[in-house]
Every structure is written in structure tokens, then in C-alpha cells.
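Trainee: Please take one part of this model and go through it closely. I would like to see how that part connects to the rest of the chain.

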Amino acid sequence: MKYYFFFATILLCQSLRAQFSTGLLVERASFNNSRSVLKIESPSKKTGYLSIKKISVPTAMVLYGFISLGSKGLKEANIEVREEILEHNDQFHTNIDNYLQFAPAASVYLLNIAGVKGKNNFKNRTILFGMSTLIMAGTVFGLKKLTHQLRPDGSAYNSFPSGHTAAGFSGAEFMAQEFRSYSPWLKYSGYLMGTATGVLRIYNNKHWLADVIAGAGIGILSTKASYWLFEKMKRKRTNSLKVI
């Protein structure tokens, strides 16, 4: 089907649009509430990293990827996207995606150096990034070995899910969490870099569409999980100190 390859960008951008819309609604609600009541919330009320509303989009993306492994229709969609791209860009090749996957996470530290303070200090931020990277990498490599899917170019049986895309979106969610108190355009700009990484993986004929969509979902969920775990550990430590 003509123009089918644009689905790669459109589907990946759904995560950005959904996250962006949710962020704006939360910020507006918080602002309106603060005008009438000044309330200090406990850490448990402020952290909802794994709430159904916040994980619904990335979870759906991961499920799409898993369903594609056994769905004839989705497999045909993967092939159509690949054929459409090869028809118009058969000589396309770039190594930018190898570096772009790290751009969102690197931006967090570069912005901090430039004077834009994030949610956490350097130590905690680095712990969070390390946790999300471990969760993401462990999930990606485990699934690659388990699913044993052939890449579009036939180079290896480790196509599902896309590790580059997972890294890009893990960094994008990291950037969004750290700068959620700033402009929405800043805190969600990482998702544009993550989307570009995923699209380039498809154009480089290294991944199927479903690989990229699932990788994006895994990246987002990995970082959300790391923030949830970090806050839980922090509350546990605070409670233990109070007892002492």
C-alpha cells in the first residue's frame, strides 16, 4: 500500500502525543489547584510512574510487537513497509542511528551543564539512568534470544525488539522525567530523537516496523520502572530513619 512506510513515524509519535497531552493536563490541574489550596503532598501521592494511565500507551506498543510475531496480517504489514521503503530508498544507509540512540540521555547532562536543572541531582540522576539502562538492556537482549527473529536484511536472528529504539526511548523518558517541571517542548523533545532513531533503523533495513514499536514501548516502561523503584527505595529508607 502506497505511503505505508509513514506508519513507522506515525505510530511511534503516538507515545509522544499521549505523553505530551497527559503532561499538559496534569500541569494545568496542579496550577489551578494551587491557586485555591496550598497543599504539600507526600511522596507516595506524587509518584504514579506505573499508573495504568501512564503505562497504557507503551504497554500497547509492546503488545503490538508481541502480537506481530504470530499475526499474519501484522507480518504482512512489516513486509509492506520494508518493500515500500526499499522501492524508493534502496541505496539508503547511515550510521547516525548508532549515535542518535544516546542523544536524549546525553541531553539531560548537557542541559544540566548549561544551567538547566533537572528533577534530581547528578548522583541520583545517574543511579536512575543506570537502573533504567539495566532494565532495558536485560529485557531487550533476553527477548532477542527468546524470539530469535530474522532481521529484514537477513544478517542475524536478533531482530525483535529494536535495541537502538529501546535505548532512544529509554533516554527520552529519562529526559521527560527530569525536565517535567520545565517547558513541555523541552521535556518531550527526547521523544523526537527516539522516533528518529526508530525510523532510521527501519530505513537501514535492520528492523521491522513491529521491532521498532515494541522497542520504543520497552524503553519507556524501563525508565518508568526505574523511577518507581527509586522512589520506593527512597521512601523505605526515609521510614527506616524515622524509626531510628
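Mentor: Glu 231 and Lys 119 form a salt bridge, with 4.0 Å between the closest N and O atoms. The model is a predicted one, and the distances below are to be read with that in mind. The two partners come from distant parts of the chain, 112 residues apart: Glu 231 belongs to helix α11, while Lys 119 sits in the loop between α6 and α7. Their surroundings can be given separately. Glu 231 counts as buried because its relative accessibility is 7%, with under 20% as the limit for that class. Lys 119 has a relative accessible area of 34% and is therefore partly exposed. The bridge also belongs to a network in which salt bridges with shared partners join Lys 119, Glu 231 and Lys 234.

With 8% relative accessibility, Asn 120 counts as buried. Beyond its neighbours within four places in sequence, Asn 120 is in contact with Arg 125, Leu 128, Glu 178, Tyr 227 and Phe 230. Asn 121 then caps the N-terminal end of α7, with a side-chain oxygen 3.3 Å from the backbone nitrogen of Lys 123.

Helix α7 covers residues 122-147, 26 residues in total. From its first C-alpha to its last, α7 reaches 37 Å, close to the 38 Å expected at 1.5 Å a residue. An α-helix has 3.6 residues a turn, so residues three or four places apart point the same way. Just after α7, His 148 takes a positive phi of about 55 degrees.

Arg 125 leads on to a second salt bridge. The side chains of Arg 125 and Glu 178 meet at 3.8 Å, N to O. Here too the pair links distant parts of the chain, with Glu 178 in helix α8 and Arg 125 in helix α7, 53 residues apart. Glu 178 counts as buried because its relative accessibility is 2%, and Arg 125 counts as buried because its value is 3%. Both partners are also contacts of Asn 120.

Met 175 points in turn to helix α10. Gly 190 lies in α10 (residues 189-203), and apart from its neighbours within four places in sequence, Gly 190 is in contact with Pro 104, Ala 172 and Met 175. At 0% relative accessibility, Gly 190 counts as buried. The C-alpha atoms of Gly 190 and Ala 103 are separated by 7.8 Å, although the two residues are 87 apart along the chain.

Asp 97 pairs with Arg 201, and their closest N and O atoms are 2.8 Å apart. Asp 97 lies in helix α5 (residues 96-100) and Arg 201 in helix α10, so the pair ties together parts that are 104 residues apart in sequence. Asp 97 and Arg 201 are both buried. The count of salt bridges comes to six.

Of its 244 residues, 43% are buried. Among contacts with a separation of 6 or more, 81% are between residues 24 or more positions apart. The accessible surface comes to about 13,300 Å², and carbon and sulfur atoms account for 64% of it.

Technical notes
Residues are numbered from 1 along each chain as its sequence is written. This is a predicted model: local features need pLDDT of at least 70, side-chain atom pairs count only at pLDDT 80 or more; totals for chains, interfaces and linings use all residues. Side-chain values use heavy atoms; hydrogens and water are left out. Helices (H or I, at least four residues) and strands (E, at least two) are DSSP runs, numbered from the N terminus. The expected span of a helix is 1.5 Å times one less than its number of residues. A polar contact is a pair of N or O atoms within 3.5 Å; within protein, one must be able to donate a hydrogen and the other to accept it, and residues adjacent in sequence count only if both atoms are side-chain atoms. Buried means under 20% relative accessible area, exposed over 50%, partly exposed in between (1.4 Å probe, protein chains only). Contact means heavy atoms within 4.5 Å. Accessible areas come from the Shrake-Rupley method with a 1.4 Å probe; for residues, only the protein chains shown count as cover.
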